[in-house]
Protein chains: 4
Amino acid sequence: MNTQFKRIGLISKPDAADIKGTVQALCDLLQQAGIILYLDPETAQHVNASAEHIIQIESLAERCDLIMSIGGDGTLLSSARALVNTNVPLIGINLGRLGFLVDISPEEMNAKIQEVLEGHYHEEERIILMTQIIRNNDVIHEQSAFNEVALHRLKSPGLIDIETYVDDAFVNSQRSDGLIIATPTGSTAYALSCGGPLIHPSMNAIALVPINPHTLSNRPIVVDGNSHIGVKFSQRDKHRAQLTCDNVILPDMLEGDFISIKRHPNKIRLLHPIDHDFFNTLRVKLDWSHAPQS
Amino acid sequence: MNTQFKRIGLISKPDAADIKGTVQALCDLLQQAGIILYLDPETAQHVNASAEHIIQIESLAERCDLIMSIGGDGTLLSSARALVNTNVPLIGINLGRLGFLVDISPEEMNAKIQEVLEGHYHEEERIILMTQIIRNNDVIHEQSAFNEVALHRLKSPGLIDIETYVDDAFVNSQRSDGLIIATPTGSTAYALSCGGPLIHPSMNAIALVPINPHTLSNRPIVVDGNSHIGVKFSQRDKHRAQLTCDNVILPDMLEGDFISIKRHPNKIRLLHPIDHDFFNTLRVKLDWSHAPQS
Amino acid sequence: MNTQFKRIGLISKPDAADIKGTVQALCDLLQQAGIILYLDPETAQHVNASAEHIIQIESLAERCDLIMSIGGDGTLLSSARALVNTNVPLIGINLGRLGFLVDISPEEMNAKIQEVLEGHYHEEERIILMTQIIRNNDVIHEQSAFNEVALHRLKSPGLIDIETYVDDAFVNSQRSDGLIIATPTGSTAYALSCGGPLIHPSMNAIALVPINPHTLSNRPIVVDGNSHIGVKFSQRDKHRAQLTCDNVILPDMLEGDFISIKRHPNKIRLLHPIDHDFFNTLRVKLDWSHAPQS
Amino acid sequence: MNTQFKRIGLISKPDAADIKGTVQALCDLLQQAGIILYLDPETAQHVNASAEHIIQIESLAERCDLIMSIGGDGTLLSSARALVNTNVPLIGINLGRLGFLVDISPEEMNAKIQEVLEGHYHEEERIILMTQIIRNNDVIHEQSAFNEVALHRLKSPGLIDIETYVDDAFVNSQRSDGLIIATPTGSTAYALSCGGPLIHPSMNAIALVPINPHTLSNRPIVVDGNSHIGVKFSQRDKHRAQLTCDNVILPDMLEGDFISIKRHPNKIRLLHPIDHDFFNTLRVKLDWSHAPQS
């Protein structure tokens, strides 16, 4: 088959019960199309693969023209973070339930993948964030986040005091359960549960969403995606807080640490079937399609 | 002085910097009125008191006709929890900043306390909750809460799944950051930051307030104060959650534990100056009194 | 058949397209059980009925032991308002779609009605509000409301200024699109869309829900159901506002008018099938039963 | 004085009681600096001005290098709409109360205006919307909006059904009180009261904010500022709705009308004093600067 995607890498959800069939079917489909496959070690457990085709996730991008992520949105988030320094596109296959990011279902996989290989697909570019924890002027930790960076108070009663800066301008000081710094991709995830707005994924924007702020007039703020976000915190008694990037837990933070968040200069290239419709996904996932009740 | 409050107990905020003056002034005032004073050990550090007048908080109620709590709302919450099994009334003196519960300020203390001693006061009865953690049919922990019982996921990404019951009827299953079970007193506290309604303190009502629920149509529910609230939880991977009663942290919970919450048969008797006005406190504390911006 | 409900009145949704079959089936069912039927004129159009069994809605209660309302929640709201001065119970039959109030569907009507006639039912008592518009000390209009009283600005840009009182105590002054005064029954209706809490229908409570208030710290307030609610308004330029009670539009109001709202001394007796479950209705109507999305 | 703003136009708030002094002081200040002044007829009532210097608002831009708007945010909104087809910058002077748009107060006017004339100012470019009502393929009305376009149900109970499109893609169908289509400038105005996010004014973004939607999972959506927004509506019984652009009421709409909203190709050039700080304005106007309550 004549396709621009001659070498494809597969990353699948770890420890997933019912994934073997889908992975096997996908491998068969791609091999019949003459594609050279590379698998991360986790995925390789599900199929027969020779050792030279089994590669760590971080290295997949060097060999491949496209990465397919099989699982839920969480698996694709991990894949995107692993690819942040590359320019390889990514496409998501779900395990039977539509995700915001993984929109090819096993039943329609044959037809949809065929179309993608033939060059009929929709390509989106989405921003991804880079977070640095800075202690005494040293970067002590660095992590990417495709959905959101979330700062939480550590367990305890007693809220956390957070100071936020945008491009070095002081935004506000809040007492709350925490603060979310979300990409448009993350606007349909945790930030949405905390009252943040939906943001079209094509936008170059960052949402600052307070988590249960004590000051009731505190509201989510959307700023330009090129903004440099800075966050400090203090918490009486405990002086500690927790930072997560998507589902990755960073080391406990200390009072005085500075969190620096910028978008990565690269964007994530996310492919969709040609009939992809962001608003339709919203309608399905958020139950908007239900007939209004009288 | 002829007063119904012949013996008064004082409980003051622990480790408070500027409290000595207020405590001393209050003691002078009460002693000049011929009141017999009892002090908890913490409060006794601020003044001269003979040993037989220094009594543990839990025992103050046996000797006293009235308890005065000096500090912020948090101090009064502690006092109320300590008094849950007694019928002794409680009044709150703040340290210069109006609280929802402590509404006599140091400047007006002389006049207001005088009025209260003379029998001119406003008495409210407010419900208070009793929480039991039940593991394998045993009550392994019990704690009272005047503001709220709050169940939180422990640190981690990954929301917690919570099942709620009211009088054994299944209410709902939610994935969220947690659940607050609040009294009307607590409706102006943490529950308010999480989207709960204000509830008049005179009401016999309990509010169930989800914390950042994943299902966007989830909403706070107000039920009768005599309802028996039951809560179960599960959390993937972690299987642990944290329960707090006001600012008291309970031991970590395990999946399978059952949380049982009922109002205590007693009510807390809270006294206020005769000109107390709940709605005025709301207006001041929530900044409603600000002129509307055009 | 031996039943306490020997004479039943039927009130059906006006101008409903597909109601004839349900009304006919219900009449057949009841007549076979030996019940004497009375119909309001609207309902009588759907079946053969002798003139002496056709009675205006307002008079049905005098002749009947039970009123059946056939249609949606709106039809039952109308029936309840018409019955406010009587003590006759009410039960609701829907036209195929579960309502909050009308919970017997046509398919299960035979079995459920049979059970009710045999005395197996669940009875609830729910409060209902009485609203008076007072102009220059005269009551110029009076109207009952089972869901809510809603004060809106009339069309125009420019918000309305509203002052609210509870038992003559000033609550607050707000600039907003309006104010809802809702019963627990109405807490699942318009008030819910405006951010009000769900309130268990058994409660004697009234919710004051601001509509899009300019002051962001303004919040819904729940007060005792025996409270006397007073509302005044002013609006620059226009000096008019609109008041509705459920779906009944009251005459345009003028600045200076006073709105007085109290619960009616009677309660509405609402019957349900024996397996009625308020929380299940919530779960179905609010889509809580959907599996959480990962 | 050597300044780039040699000819300045003044537009002041109509029918404002206490504006005369500020207008007079401003005229004196500018004339002493050698500026040629043009006044709209309304403003000319407050000062002595020769006829050739009194010009309709729409024509001011042709003669002037800068327009000064004296009044509140509403006055500046009007000025901006009048200038939509020009490229003349705009600056706002308030009457003693900080606005989101008018940030020079009378007391500091002398110093701030002096700085602006000398070229020390901060210039922002903000998007502005153009709305067309299309009936039977004809544009029957056209209006600009600097804050927001708002579609409301006309008076009545009964919500309105609204269909929204972004770049011809169907977004959703909602039953609600209405829909706001807001600029970043409007994100601090009516949209904020309806739950919309704050959006930094520099952004090229449009917020779609549902007004009290019946479907509780409906949420504000932020889309690219170059999007073409389309809105249709239907309302049972009434078939009418009201459209406003800022504070301008458009003719009543009929069911079947199509509302087309795009940003104007021009941006509004808004000048501020050099020390302007958007986040500080937020903190002041939204009361964020208040110390957290314990």
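1. The lining of the largest cavity draws at least two residues from each of β12 (205-211) of chain A, α6 (190-193) of chain B, α6 (190-193) of chain C and α6 (190-193) of chain D, where helices (H or I, at least four residues) and strands (E, at least two) are DSSP runs numbered from the N terminus. This is a predicted model, in which local features need pLDDT of at least 70 and side-chain atom pairs count only at pLDDT 80 or more, while totals for chains, interfaces and linings use all residues. Residues are numbered from 1 along each chain as its sequence is written, chains are lettered from A in the order in which they are written, and side-chain values use heavy atoms, without hydrogens and water.

2. The largest cavity has a volume of about 1400 Å³. Of the 48 residues that line this cavity, the closest to its centre are A:G195, B:G195, C:G195, C:R219 and D:G195. A cavity here is a set of points on a 1 Å grid over the protein atoms alone where a 1.4 Å probe fits but cannot get out, and lining residues have an atom within 4 Å of a point.

3. In chain D, helix α4 (residues 73-82) is largely enclosed by the rest of the structure, because 7 of its 10 residues are buried, that is, under 20% relative accessible area with a 1.4 Å probe and protein chains only. The buried residues of α4(D) include D:L76, D:L77 and D:R81.

4. The count of disulfides over all chains is 0, a disulfide being a pair of cysteine sulfur atoms within 2.5 Å. The sulfur of B:C27 lies 12 Å from the closest cysteine sulfur, in B:C64, and is therefore too far for a bond. B:C27 counts as buried at 3% relative accessibility, and B:C64 is buried with a relative accessible area of 5%.

Conventions
Buried means under 20% relative accessible area, exposed over 50%, partly exposed in between (1.4 Å probe, protein chains only). On a 1 Å grid over the protein atoms alone, a cavity is a set of points where a 1.4 Å probe fits but cannot get out, and a pocket is an open set with protein on both sides within 12 Å along at least five of seven lines; lining residues have an atom within 4 Å of a point. Grid points are joined across faces, edges and corners, and a volume is the space filled by probe spheres set on the points.
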